[in-house]
Amino acid sequence: MDQLKDVTAFQAGSCRVAVVGAGHAGVEAALASARMGVDTILFTLSLEAVGNMPCNPSIGGTGKGHLVFEIDALGGEMGRAADSVSLQSRMLNLGKGPAVHSLRQQSDRRAYHAYMKKTVENTSHLRLIQAEICRIQRSEQGFSLMTRFGATYKSNCVVVCSGTYLRADIVVGDVTLAAGPDLFYPANHLTESLEELGVSLRRFKTGTPPRIHADSIDYDLCEEQAGDADPVCFSYDTDRDAFRRKKQRKCYVVYTNEKTHEIIRANIHRSPLYAGKIKSTGPRYCPSIEDKVMRFPDKERHQLFLEPMGEDTKEIYVQGLSSSLPEDVQMEVIHSIPGLEHAQVMRTAYAIEYDCIDPLQLRPTLEFREIPGLFGAGQFNGTSGYEEAACQGLVAGINAAYRVLDQKPLVLTRESSYIGTLIDDLVTKGTNEPYRIMTSRCEYRLILRQDNADLRLLEEGYRAGLIDHERYLAKKRLEKDIEDAIQFAEATYLAPSDALSRILSNAGSQAVTTGVKTADLIRRPGVGVLMLKDVCPDLARWSDEVLSRAEIEIKYAGYIKRQLAQAALFRKLESRPIPEDICYDDIGGLRLEARQKLSRIRPENIGRASRISGVSPADISVLLIYLNLNRG
């Protein structure tokens with residue numbers, strides 16, 4: 001902050017909500033706030049970094065696809081943007097049940113940036129300003145933000161979405177550069193200001209693989225990976241027919257081998273990770289190639305994906321080859337892989353260290369508990385990934401706007417959404433490493449599927465004014481159509497026939513000799529509702545989308561009913577509030593660890609208290625008894 005002492009400050013303007021950082025979190029936060037009619041400024045270190053994809057050129061994936069569908073249901077922009085610039089669409093995990101089906105799309109990186117920048121520039125109540133925010137101070141009106149050049153802006157609320165730019169260092173071998181992603185200028189001054197506000201920070205690390213020239217790859221030695229024949233889009237607003245007609249780009253798969261692993265092992269002493277140069281914590285579920293080789297010595301090969309960076313570039317992203325090894329070692333590693341022997345490296349892989357916060361400081365609204373009006377979102381909160389960032393930005397932006405408008409905040413719970421699960425994990429359990437969403441983190445995943453995200457969350461998007469009335473009415477019609485289709489299937493019997501026998505035989509299912517309920521046929525393994533349209537013409541009154549959604553509800557009715565019962569119990573616990581001013585030290589019978597954890601996190605309700613690490617069921621029983629005895 002000493003470098004800022006000689007900067008002449010001047011009053012440059014004001015707004016109701018200020019968003020710091022224009023990555024995936026910042027863009028969603030600013031768009032949400034502005035679309036709710038709140039005067040908003042979005043600050044970015046560079047206009048070229050708006051909606052930037054510094055790592056993988058894709059949106060979605062396992063668990064992450066669920067987040068994108070939920071963002072769209074709440075009125076966010078990511079799904080529309082991804083569909084608009086999609087190069088390839090693939091539904092993952094189709095060999096498993098519908099609860100874990102996850103859409104992933106390859107994206108045109110530059111087109112995505114251009115789409116988001118144009119969207120921001122053309123949004124009412126939103127100003128986009130290139131500036132480094134170096135200081136955030138509390139004022140009578142809320143906050144005062146100062147740029148590196150001395151411009152000062154007053155704001156009622158601030159949403160910090162600094163991504164991986166906060167005091168960022170890029171590391172390649174022995175070389176460390178003070179730089180953000182893609183060698184953009186880092187945010188070097190804000191950390192000290194946040195600490196002065198009372199924010200507790202830590203240091204995390206992530207990384208990215210190299211990019212190689214498309215024409216230098218021997219595709220004869222690669223496995224082709226095509227997109228889906230009938231591609232699925234993320235957003236309700238996307239023209240589905242036009243999306244299906246789009247030409248899909250191919251991706252390819254290659255593999256490391258023993259020679260690759262020998263090169264890495266022989267140079268592991270030059271790795272910043274293993275030489276102790278990098279001391280920050282990296283992502284568990286996206287390790288570097290040197291980590292994979294050293295941690296899994298018995299694995300003979302590791303899968304790598306060659307993915308296009310865009311329509312108008314020859315850059316190919318080598319997914320799975322994230323590294324901070326020296327540049328010469330990286331090249332040797334790449335050239336040891338069949339198909340990449342003559343690959344031309346266009347961008348070297350690197351690790352990046354950055355400052356972020358302990359998310360236990362946040363409320364479920366993503367507002368700092370001790371600093372009213374200050375919100376955090378994205379990798380600033382300790383997460384990893386574009387989708388995790390975008391959904392937090394959307395929630396933080398909505399809640400910053402709600403705070404300005406003096407309205408009830410948005411709190412998404414675990415049983416409502418993957419977004420609710422992610423935020424609850426962060427603010428209740430915290431994280432000691434970059435957090436990534438996965439389907440396994442969600443205990444209600446059968447009722448929190450991609451296909452019903454709109455039915456679950458559209459009401460909240462509509463309340464915020466981010467979903468228009470036409471789409472809201474369409475949701476109501478869809479809801480009724482699905483219910484009608486289910487009731488029809490449960491009430492309608494199909495008589496035995498040659499046509500029905502052929503359908504069941506082709507599905508590997510036993511023939512019927514008496515009339516059978518349509519729903520009972522749908523419940524059979526291998527039998528789908530669309531197969532039955534020829535023998536049950538009345539099904540044609542509903543669209544294939546409605547029938548497919550109804551089929552899921554019918555096939556998994558028993559399991560869904562069980563999870564709904566669990567969710568009801570969850571809601572009961574969440575509805576039991578804990579007074580904000582409760583003194584846990586006064587509660588006899590609470591263990592010391594429970595008192596410390598509860599005093600630090602200050603959960604809003606019993607449900608959240610029960611999920612805090614170190615708080616036992618016995619502690620919850622003691623807390624409930626105390627609350628019952630002290631109601632008045």
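**Cores, sheets and helix packing in the predicted model**

G276 is found in the loop between α8 (272-275) and α9 (289-295), helices and strands being DSSP runs numbered from the N terminus (helices H or I, at least four residues; strands E, at least two). The structure is a predicted model, in which local features need pLDDT of at least 70 and side-chain atom pairs count only at pLDDT 80 or more, while totals for chains, interfaces and linings use all residues. Residues are numbered from 1 along each chain as its sequence is written, and side-chain values use heavy atoms, with hydrogens and water left out. G276 is partly exposed, with a relative accessible area of 29%; buried means under 20% relative accessible area, exposed over 50%, and partly exposed in between (1.4 Å probe, protein chains only). The C-alpha atom of G276 is separated by 45 Å from that of A34, and the two residues are 242 residues apart along the chain.

The largest nonpolar core has 106 residues, and those with the most contacts inside it are I136 and V159. Helix α11 (residues 386-405) provides the largest share of this core, twelve residues. A nonpolar core is here a set of buried Ala, Val, Leu, Ile, Met, Phe, Trp, Tyr and Cys residues joined through side-chain atoms within 4.5 Å. A second, separate core of 26 residues includes L478, A485, L504 and V527. In soluble globular proteins, nonpolar side chains tend to be buried together. When neighbours within four places in sequence are left aside, I136 is in contact (heavy atoms within 4.5 Å) with F143, S144, L145, V158, V160, L190, S193, L194 and L197.

An open sheet of four strands has the order β11-β10-β19-β12, and its pairing is antiparallel. Strands are taken to pair if DSSP finds at least two bridges between them. The edge strands are β11 (175-177) and β12, each of which pairs on one side only. On average, neighbouring strands of this sheet are turned by 25° against each other, direction ignored. Strand β10 (residues 169-172) runs antiparallel to β19 and is joined to it by three bridges, with V171 standing opposite A351 in β19. Strand β12 (residues 201-208) is also antiparallel to β19, the two being joined by eight bridges. In β19, C356 is the bridge partner of R202, and I352 is that of T206.

Eight of the eight residues of strand β19 (residues 350-357) are buried, so the strand is largely enclosed by the rest of the structure. Y350, I352, Y354 and C356 point one way from β19, and A351, E353, D355 and I357 point the other way; all are buried.

An open sheet of three strands has the order β3-β5-β4, again with antiparallel pairing. Its edge strands, β3 (58-60) and β4 (86-92), each pair on one side only. Neighbouring strands in this sheet are turned by 15° against each other on average, direction ignored. Three bridges connect β3 with strand β5 (residues 102-107) in the antiparallel sense, and G60 stands opposite R104 in β5. Helix α2 lies across β3 and β5, running at about 80° to β3. Axes are lines fitted to C-alpha atoms, for helices over the stretch in contact, and angles run from 0 to 180 degrees between N-to-C directions.

Helix α2 (residues 64-74) also packs with α12, at an angle of about 110° and with the axes 8 Å apart. The two helices, α2 and α12, are therefore roughly perpendicular to each other; under the angle classes applied, under 35 degrees counts as roughly parallel, over 145 as roughly antiparallel, 65 to 115 as roughly perpendicular and the rest as oblique. H66, L67, E70, I71 and L74 of α2 make the contact with Y418, I419 and L422 of α12. The axes of α11 and α12 come within 10 Å and cross at roughly 85°, and α11 and α12 are therefore roughly perpendicular to each other. E388, C391, Q392 and V395 of α11 and I419, L422, I423 and L426 of α12 make this contact.

In helix α19 (residues 592-601), the buried residues are A594, L598 and I601. These residues cover an arc of only 80° around the axis, which puts them on the same side of α19; the arc is that of the directions from the helix axis to the C-beta atoms. The elements that cover the buried residues of α19 include α12 (418-429), α20 (606-610) and α21 (617-629). R602 follows α19 and has a positive phi, near 50°.
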